[in-house]
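Biologist: I would like to learn how to read aromatic pairs and a ligand shell. Please take me through them one by one.

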Amino acid sequence: MEPTLPTATVDRRTVASLFSRLRTGKGQSNPRPLYAELRALGDIFPSPWGGHLVTSYALCDEVMRSRTWRVPDTEWRAGQANAARWNTPASLQTAKSLPMLNPPHHTKVRRSAGSMFDRAKLAEIEISIAKNVEKVLDVFEGELLKGPADFTSLVAEELPVRAIGEWLNLPAGDYSVLRSLTNDQTLSQEFFPSPSQLARADAAARGLQEYFTALVRERRAMPGDDPVSSWIATWDTLEPDREKADAEAHSMAVFVIVAALETTEHLLSGMVRLLLEHPDQLERLRTHPEYIPHVVDETLRYDPAIHAISRTAPHDITLGGALVREGEMVQLMVGAAQHDPRQYENPEDFDVRRKPPHFGFGSGIHYCLGAPLARLEGSLLLASILRRLPRLRISEPPAWEPRVSFRRLNHLMVTPA
Ligand code: HEM
């Protein structure tokens with residue numbers, strides 16, 4: 001199929017109207033037809049809010065893999081005409097984190113993080129994740145005996161906080177507050193956050209700041225066998241100023257908790273929702289459990305947690321025939337690009353046999369460091385659900401948060417079939 005060439009005359013109102021529909025609970029319940037409309041406008045076209053929107057798989061891939069494009073770091077943010085929007089406390093907290101750093105600082109910080117989840121670490125935590133899978137499913141099964149139960153809050157939100165909480169060695173009593181702080185913090189990364197959402201995001205950023213400042217202080221005083229203590233030790237060798245070393249360990253800790261929760265929650269509830277919505281695929285999986293790892297990837301292709309990824313142009317660049325001026329942003333609409341028919345055969349089919357390439361964990365130098373953990377959680381949970389709860393059905397239409405960038409399923413009510 002030929003590329004859809006950039007349309008200089010893409011009507012701003014058409015794009016704005018598409019996004020207003022996308023940003024509703026109804027639009028979020030099935031964004032795919034809206035994405036098809038968006039792709040039909042061109043592979044790249046001007047955004048009504050400045051910069052450009054990119055909708056094709058090939059162009060998203062080109063930008064993310066290239067070493068030329070940059071992420072919107074603190075310097076870029078400071079230079080924006082609407083600097084206030086980009087410099088709220090929550091946005092600045094995000095701006096200090098790994099995915100918002102550019103080389104050479106990014107290279108140094110990424111190295112300092114270590115591999116996070118290498119084979120040995122994964123083997124070590126697999127046992128505790130498997131135990132947590134059984135525990136959360138015990139509670140969930142208990143609730144199902146009483147009637148329809150919410151898979152999102154009881155399972156999809158519970159497993160990731162236990163996995164990351166145990167890895168960071170945090171007290172279990174803090175999990176629920178961390179869940180709510182991280183959910184609110186991500187609101188600042190939305191396309192069009194409302195003032196009240198920004199206020200919630202800022203309050204959450206302050207809460208996370210305080211929590212992790214205290215944690216770094218504790219681990220500095222009494223180091224243990226945990227990632228925060230090891231980041232402090234690593235930064236002590238890289239940075240003579242102790243305050244700066246602590247600040248780096250702090251940023252990494254805040255970021256991993258924000259990065260790990262909302263995203264994995266979406267993966268876990270998305271995987272189960274999509275299987276229940278496609279009974280033929282669930283049946284296929286029952287007879288072919290070897291497809292379990294594929295389900296994780298196909299879910300991340302079909303409906304990733306993050307639907308838009310930003311990059312900025314360090315100088316004038318021609319992308320897909322369009323001129324992107326120095327400093328302009330491109331929004332990579334990966335949720336739309338992952339249904340690009342030039343990349344995937346029958347992209348609208350959810351197919352557990354597929355082992356698709358996707359941007360669910362990003363690509364290039366910012367590729368997700370937590371991907372092995374998320375994959376492990378998804379696979380262990382799915383295997384256990386197939387064994388323990390082989391017959392479930394969705395009992396009411398899932399409720400979606402009205403957002404664009406970070407997808408959020410508020411409830412997934414299910415009942416035994
Ligand atoms: C299903 C779960 C997850 C999804 C869908 C996901 C998605 C992503 C994506 C799309 C990026 C790239 C962002 C960009 O290019 O701008 C990213 C980066 C990152 N993720 Fe994840 N993530 C998940 C879980 C985790 C977990 C569990 C952790 C840590 C424990 C984590 C840590 C990171 C880190 C540190 C980066 C930044 C890498 C860099 O900039 O060099 N993620 N993630």
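Modeller: We start with the ground rules, then turn to rings, charges and the ligand. This is a predicted model, where local features need pLDDT of at least 70, side-chain atom pairs count only at pLDDT 80 or more, and totals for chains, interfaces and linings use all residues. Residues are numbered from 1 along each chain as its sequence is written, and side-chain values use heavy atoms, with hydrogens and water left out.

Biologist: How many aromatic pairs does a search of the whole structure find?

Modeller: Rings of Phe, Tyr and Trp (its six-membered ring) pair if their centres lie within 6.5 Å; planes under 30 degrees apart are stacked, over 60 edge-to-face, and the rest tilted. Here the search gives 14 pairs. One of them joins F19 and F191, stacked at 5.4 Å centre to centre with 20 degrees between the planes.

Biologist: Which parts does the pair of F19 and F191 tie together?

Modeller: Helices (H or I, at least four residues) and strands (E, at least two) are DSSP runs, numbered from the N terminus. F19 is in helix α1 (residues 12–22) and F191 in the loop between α12 (175–185) and α13 (195–221), so the pair links parts 172 residues apart in sequence.

Biologist: Are F19 and F191 buried or exposed?

Modeller: Buried means under 20% relative accessible area, exposed over 50%, partly exposed in between (1.4 Å probe, protein chains only). F19 and F191 are both buried.

Biologist: Where does the charged end of R85 sit?

Modeller: A charge sits over a ring if NZ of Lys or CZ of Arg is within 6 Å of the ring centre and within 35 degrees of the ring normal. The charged end of R85 sits over the ring of W86, 5.2 Å from its centre. R301 does likewise over Y344, at 4.9 Å.

Biologist: Which residues come nearest to the ligand?

Modeller: A residue counts as near if one of its heavy atoms lies within 4 Å. Of the 28 residues around the ligand, the nearest are H106, R110, R311, H366 and C368. A polar side-chain atom of H106 is 2.7 Å from a ligand oxygen. For H366, a polar side-chain atom also lies 2.7 Å from an oxygen atom of the ligand.

Biologist: Which element gives the most to the shell around the ligand?

Modeller: That is α15, with six residues.

Definitions and conventions
A polar contact is a pair of N or O atoms within 3.5 Å; within protein, one must be able to donate a hydrogen and the other to accept it, and residues adjacent in sequence count only if both atoms are side-chain atoms.
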